[in-house]
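Take a walk through this assembly. Begin with the ligand sites, then turn to a contact between two other chains.

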Amino acid sequence: MTVAIAGQVWLGGRPLVAALDLRLTPGWTCLLGASGAGKSTLLRLLAGLPVAARLEGTRQAPDRIGWMAQADLLQPRLSVLGNLRLMARLRGEPLPRPRAEALLEAVGLAGRGADRPEALSGGERQRLALARVLADDAALVALDEPFSALDVPTRAAMQDLAAACLAGKTVVMVTHDPTEALRLGDRVLLLQDALLHEIPPLPGPRPVPLSDPGLAQAAAALLARMRRP
Amino acid sequence: MTVAIAGQVWLGGRPLVAALDLRLTPGWTCLLGASGAGKSTLLRLLAGLPVAARLEGTRQAPDRIGWMAQADLLQPRLSVLGNLRLMARLRGEPLPRPRAEALLEAVGLAGRGADRPEALSGGERQRLALARVLADDAALVALDEPFSALDVPTRAAMQDLAAACLAGKTVVMVTHDPTEALRLGDRVLLLQDALLHEIPPLPGPRPVPLSDPGLAQAAAALLARMRRP
Amino acid sequence: MSARIWPVLAIFALWQAVCAAALVPAFVLPPPLRVFETLWHERGLIGQHALTTLAETGAGLALGIGLGVTLALAMALAPWLQRLIGPVLAGAQALPVFVLAPVLVLWLGYGLGPKVAMVALLVVFPVASGLHDGLCATPAAVLDLARIARASRLRTLLWLRLPHALPQGAAGLRIAVTYAPTGAVIGEWVGASQGLGYLMLMANARMRIDLMFAALLVILALTLLLNRLTDRALARAGL
Amino acid sequence: MSARIWPVLAIFALWQAVCAAALVPAFVLPPPLRVFETLWHERGLIGQHALTTLAETGAGLALGIGLGVTLALAMALAPWLQRLIGPVLAGAQALPVFVLAPVLVLWLGYGLGPKVAMVALLVVFPVASGLHDGLCATPAAVLDLARIARASRLRTLLWLRLPHALPQGAAGLRIAVTYAPTGAVIGEWVGASQGLGYLMLMANARMRIDLMFAALLVILALTLLLNRLTDRALARAGL
Amino acid sequence: AESLSVMLDWFVNPDHGPIIVAAERGYFTEAGLDVTLIPPADPSDPPKMAAAGQVDLAVSYQPQLYLQHAAGLGLKRVGTLINAPLYCVMADAAGPVHTMADLRGRKVGYSLAGIEAALMQRMLRHNGVDPAEVETINVNFALTPAVATGQVAAVSGAFRNFELHQMAAVGHQGRCFLPEENGVPAYDELIYLARADLAHDDRIARFLAATGRAAAEIAADPQAGWDTFRAHAAELDDPLNAKAWPDTWPHFARDPAALDTARYRDFGAFLVETGLIPTAPPVETIAVGK
Ligand SMILES: Nc1ncnc2c1ncn2[C@@H]1O[C@H](COP(=O)(O)OP(=O)(O)OP(=O)(O)O)[C@@H](O)[C@H]1O
Ligand SMILES: Nc1ncnc2c1ncn2[C@@H]1O[C@H](COP(=O)(O)OP(=O)(O)OP(=O)(O)O)[C@@H](O)[C@H]1O
Ligand SMILES: [Mg+2]
Ligand SMILES: [Mg+2]
């Protein structure tokens, strides 16, 4: 499976990414960058979704893609369980009840299956959206700020869950949290000044333990890099 | 002006806050807690908005409240400028054009006034919602995860902006970021095990400079506290 | 209940006042008390005709709603069908009954057929139009999910577009239900020997204006009852 | 354009086939070619009557839409008004024209008045019902903003509820516009010496079925044109 | 000129010949009248409008007059437009119905003019048929198609000057059974009504005189009458009206104001017999004339 996108991304007359040449390999690729830099746009281009920007170049991606948008895209008229099963239903595949229940439990929503999404807190909604993309079992998975509404301990737990569930897949994740990027990323990319900059990843297995002293150090360095362009 | 809420908050048969006795004074009160702990519920109760939970107790709050919800509540049929002016229009007060333009500029949306919200990135939407609450000029301001969709540098800039604009007001903010809470909070509260725990704040003026070594230390301590209940 | 009754009383009071003030002669608009008297005296006659109209209305509603939903779904699935059916549906609303009458009678005879067809014709358009409008207004972000899943049109329709279209479908249904009894009355103009529409026409021709209004009251009551039942059912479905 | 023309051609072909196969006698449904011939021969007569109907439709639409929007806003502002007006509006849809005719004539005379009133009566209900449904379905989260701002009902309506109700209002309008020409035709039953409805009734009584269908074609064209114009205008407004 | 509003019984058609011809030839103007003609679509409206004072004169049907009186409309017949019955029961000549008796066990369509049922019932009884043995259906607008397509065996309420030609126009031949030959007393098909307080109004007398003059002229030169009539409005000039004209003009009342008291008394008695009205009003209370 090849996942690649190359060329230039234009928004009106302004280049969002001036020189793009991205090949993804199995493992996590984390994408950082200022708000409005074009991270979501890039992710949508990769996933083959319509964008306001224009890609002048080529794209190669598998047919089956997992996708967690920046907005949670929960359907208000479907139950929590119905939302979890939505992608499977759209694909015409079954999502066995035990698997669904297990996923709900894993994201801390055990017993909430019959509720409407509006009865969930902000973080609970995000976890449901995460469970949905984990259920989807795609070889290429795109995650747009998947943990942004979670407190730190829950966030770490969800990162571990995602890392476990998506082991071996090609994952690309947008995040604003340098620690998160370094903890999960086999590759870390910074979108800055319309260019993708490669940030050296940490050594060792993923996810990097939170207690790893190198993590905090690398995060501070990355942060400094983000501050002065 | 007294801002106080006391009693118990019940969700169905479960207590969200078992013993509540909160008096707010001018300055920033930051509220942390696990996802689903009841932070948004508490904020809504304070603001006098309908909640699924039930407050058994008393509430005292001024009439004029500024409010930034966890969802951005941008109106899709209004322009960016129209959304910025929305609260003023609902209150029947004018928001002078120069003030509106200045606020848009301050949150990095200069020149986007005529766009629809759907043309904004996730972080841009959140900044617009922030600008709206800053424009509202209320004595009590409730912010529900106001910086969650922003990259670290932009987030710091927006924190500084909010601190400057809301100086002297009574502000209560929900956040998942311990650093943010300690940086801005004159008071820091942790909602854990259905109780509000007071966390010792940092000394010195607000916002605490990001370079302050005490900030990272206190954040780590708070994080540890959040990890083991 | 008591809050509901006020508007009704207000309307009857106004009506009685209009008649008492002789703003309208009794042979154009008889006073309500006289109409009620007739309603009571002729309850057997009116009741029997009302049953016919009720049956026509019920059958036509079922047919019209079923057809309307089917057409809306079909048009949403196949845009070329929309281009074909859309204008036909809209155009059919402009067919006057005296054009339709001979055709309907030729094909359906003088029984329940033409009345049920008339009700269905009036019902199908608001239902189909409302639901189809809703189906075409799915937010773009929601359709991203379908794109990602490479979902077939049918699955996209069923799982994403239809749930989002329900409120607009409900709005169309509310409008449609109001027209259903009217459809039965019009259907009875096509040719009938039973039904409230027939009774009203006959009463009108025989100068029995009070009987005509008594029958009309029953039709109004039927319309409002249907309206309320629909509101209840939709509210229960969260719409 | 060329894609648009196919459905129309298909319908006429079907119609011609039905007539050619003698499924329906020509005095019930004349073949389209004969109708077109009549349309061409009588274009002066039909054109002049069409102008009258067009004027009635236009005036009634303007009145009905204005009234419908006003009523929907008023009902959304004051729930007690809704309880009063809602049933009256729904009930008014069930009044047959032969009941209304004498009252309308008594109050409005024989000119444009009753026809415009009939169009408005048919238009006002879908517009008011659709828009009101939409106004009542504002998401709770959006109303939080109004609560925070202690916004008056009117401001809440204008700045929050109305923008959210526009798609449903548009759906109601689309339905209403379709009924407008029908309203004019019905209005001409009240008494007329001009207009396509009059011409059709007259042609029907004279067994000039081809002329009746020629006039009907013009009404259908008018209906579809109105439909298309509305769609365009609404699309331009992003609805 | 004094104004006078006249509401016809329906849209303008050859039955209104004398009125249209008088208007076209300026006889109303000569009589100092400014006449407004109003054509309704529902024949039951004109009496109501006259009774409500909305119009001065209404064109209506003699049989209806008794029902209107019973309903308290307070109208009087002031003149006659068509002085013979036009009503008939029409069957398809090619069909199985050769006599009224053949209607036994068949369907008959009718259009609700209000009194037709009574007329047909009498005609059936006269032929030894119990009306209960005939299924009646209100076919409203579609009398001719209902017979021509064989949906019903006959229709009640056809006008013999029109529907027979309509049948011919669609390739069928109609057969009319006439009420006056089947036990129904003769009556005036179309009459003028006015409110009792207007019954002796001078304008009405002048109006009637003008229409009487037109009727006489039509009788003297029917072709010229037709030419005047069809010039009134473009849609009137059609083959069916042209065919109906010769069947219609002989029935125009040439002395519209003349009242045949016996005819009104007999018809009242007939309606009492049928049970449609409890008692027949004295002729003076429902009709004036000379
Ligand atoms: N309408 C509702 N009906 C039932 N339960 C609800 C409803 N709204 C919220 N809850 C529940 O109340 C609890 C508190 O919700 P709240 O939104 O206050 O959490 P929170 O602390 O803000 O969480 P987060 O950090 O995820 O936003 C959650 O468990 C949530 O599921
Ligand atoms: N529909 C649109 N029309 C015009 N401009 C758009 C549209 N959608 C996004 N943009 C602009 O494109 C740029 C990139 O947007 P994108 O959503 O990719 O940003 P992002 O990097 O994901 O930001 P964030 O971190 O705030 O989510 C932004 O400046 C945004 O305003
Ligand atoms: Mg983004
Ligand atoms: Mg929350």
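**Ligand sites and a chain contact**

Two helices each give at least two residues to the shell around ligand 2: helix H1 (39–47) of chain A and helix H4 (122–136) of chain B. The model is a predicted one. Stay with ligand 2 for a moment. In total, 21 residues surround ligand 2. The closest are A:Ser40, A:Thr41, B:Ser121, B:Gly123 and B:Glu124. Why is the site shared between chains? The site is shared because residues from chains A and B surround ligand 2.

What is the make-up of the shell around ligand 2? Its residues divide into five nonpolar, ten polar and six charged.

Now look at individual atoms. On chain A, an N or O atom in the side chain of A:Thr41 is 2.5 Å from an oxygen atom of ligand 2. On chain B, the side chain of B:Arg112 places an N or O atom 2.8 Å from an oxygen atom of ligand 2. The backbone takes part too: a polar backbone atom of B:Gly122 is 3.3 Å from an oxygen atom of ligand 2. How much of ligand 2 does the protein cover? Ligand 2 on its own has 640 Å² of accessible area, and the protein covers 84% of that.

Move on to ligand 1. Ligand 1 lies between chains A and B. Around ligand 1 there are 20 residues. Here the closest are A:Ser121, A:Gly123, A:Glu124, B:Ser40 and B:Thr41. By class, the shell around ligand 1 holds five nonpolar, ten polar and five charged residues.

Chain B supplies several polar atoms here. A polar backbone atom of B:Gly36 is 2.8 Å from an oxygen atom of ligand 1. B:Thr41 has a polar side-chain atom 2.5 Å from an oxygen atom of ligand 1. In the side chain of B:Gln70, an N or O atom is 2.9 Å from an oxygen atom of ligand 1. The protein covers 84% of the 640 Å² of accessible area that ligand 1 has on its own. Two elements give two or more residues to the shell around ligand 1: helix H4 (122–136) of chain A and helix H1 (39–47) of chain B.

Next, leave the ligands and go to chains C and D. How many residues does each chain bring to the contact? Chain C brings 52 residues and chain D brings 53 residues. Between them, the two chains bury about 4,300 Å², with 78% of it on carbon and sulfur atoms. Which three residues of chain C supply more of its buried area than any other three? They are C:Phe98, C:Ile175 and C:Tyr179, with 14% of the area that chain C buries against chain D.

There are polar links as well. Chain C and chain D have two salt bridges between them. In one of these, the side chains of C:Arg174 and D:Asp133 meet at 2.6 Å, N to O. Four residue pairs are in polar contact across the interface.

Several helices of chain C each supply at least two residues of the side that touches chain D, among them helix H1 (2–20), helix H6 (112–135) and helix H10 (209–236). Which helix gives the most? H8(C) does, with ten residues. By class, the side of chain C that touches chain D divides into 38 nonpolar, ten polar and four charged residues.

Methods. Residues are numbered from 1 along each chain as its sequence is written. Chains are lettered from A and ligands numbered from 1 in the order in which they are written. This is a predicted model: local features need pLDDT of at least 70, side-chain atom pairs count only at pLDDT 80 or more; totals for chains, interfaces and linings use all residues. Side-chain values use heavy atoms; hydrogens and water are left out. Contact means heavy atoms within 4.5 Å. Buried area is the accessible area (1.4 Å probe) that two parts lose on being put together, summed over both. A salt bridge is a side-chain nitrogen of Lys or Arg within 4 Å of a carboxyl oxygen of Asp or Glu. A polar contact is a pair of N or O atoms within 3.5 Å; within protein, one must be able to donate a hydrogen and the other to accept it, and residues adjacent in sequence count only if both atoms are side-chain atoms. Helices (H or I, at least four residues) and strands (E, at least two) are DSSP runs, numbered from the N terminus. Ala, Val, Leu, Ile, Met, Phe, Trp, Tyr, Cys and Pro count as nonpolar, Asp, Glu, Lys and Arg as charged, and the others, Gly among them, as polar. A residue is near a molecule or strand if one of its heavy atoms lies within 4 Å of it. Accessible areas come from the Shrake-Rupley method with a 1.4 Å probe; for residues, only the protein chains shown count as cover.
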